[in-house]
Amino acid sequence: MTPVIDVTIEAEEWASLEAPSQLAEDTILAAIGESGVSLAANAEISVLFCDDGFIRDLNREWRGIDQPANVLSFPAGGDAAFAPLLGDIVIAFETASREATEAGRPLRDHVVHLLVHGFLHLIGHDHFGAAEAETMEALERAILGRLGIADPFRESLIEEAADAND
């Protein structure tokens, strides 16, 4: 069963990334395969490529954080095996581009990582505690490895979760 992946490009800056719609589809399909998740027939996933202003508004409205984020995920909820709609992944160009530059990584690789991260949130993964972070990070590494992308973690989600609990 192949999901319906609806990709919308809202910010002109994304034109600098070759074939972002195809990139989103290929990444999500790889994430589905590597994660082993069972999806409902024709499950829908929405991906929005936007700018910092748009994602800042979403972050303020839905999370109470008045600043842009690199990626936001909005899971529809329910069991992925039966849910006709998995949810939305939103990625901001300026933040993603800046992070890629700071990390010395190609923008394309960083966007793939953000798509994988966002998808894992849609299917119920999180990184609030060390055990959850370890599981999610291992899946991200496996999916990115399948796509030929080197391990992107400098500070792991596990370390971030441990620091948050101190």
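These legends accompany views of a predicted model.

View 1. The chain holds six helices and four strands. Starting at the N terminus, the order of elements is β-α-β-α-β-β-α-α-α-α. With a radius of gyration of 15 Å, close to the 15 Å that the globule rule gives for 166 residues, the chain is as compact as a globular protein of that length. Its C-alpha atoms fill a box of roughly 40 × 40 × 35 Å along the principal axes.

**View 2. L86 in strand β4.** Strand β4 covers residues 85–92, and L86 lies within it. L86 counts as buried because its relative accessibility is 3%, under the 20% cut-off.

**View 3. The surroundings of L86.** Leaving aside residues up to four places away in sequence, L86 touches L39, A43, E44, I45, F74, P75, A76, A80, F119, L122 and I123. One of these contacts, I123, sits 37 residues from L86 in sequence. In space, the C-alpha atoms of L86 and I123 are 7.3 Å apart.

**View 4. Contacts and burial across the chain.** Take the contacts between residues at least 6 apart in sequence: 65% of them join residues at least 24 apart. Of the 166 residues in the chain, 43% are buried.

**View 5. Surface and charge.** The chain has an accessible surface of about 8400 Å². Carbon and sulfur atoms account for 49% of that surface. Side chains include 9 positive and 31 negative ones. The centres of these two sets lie 4 Å apart.

How values were computed. Residues numbered from 1 in each chain as written. Predicted model: local features only at pLDDT ≥ 70, side-chain atom pairs only at ≥ 80, totals over all residues. Heavy atoms only, no water. Helix = DSSP H or I, 4+ residues; strand = E, 2+ residues; numbered from the N terminus. Buried < 20%, exposed > 50% of the residue type's maximum accessible area, 1.4 Å probe, protein only. Contact = heavy atoms within 4.5 Å. Rg over C-alpha atoms; globule rule 2.2 N^0.38 Å. Areas by Shrake-Rupley, 256 points an atom, 1.4 Å probe, with all protein chains shown as cover. Lys, Arg positive; Asp, Glu negative; His and termini not counted. Charge placed at Lys NZ, Arg CZ, Asp CG, Glu CD.
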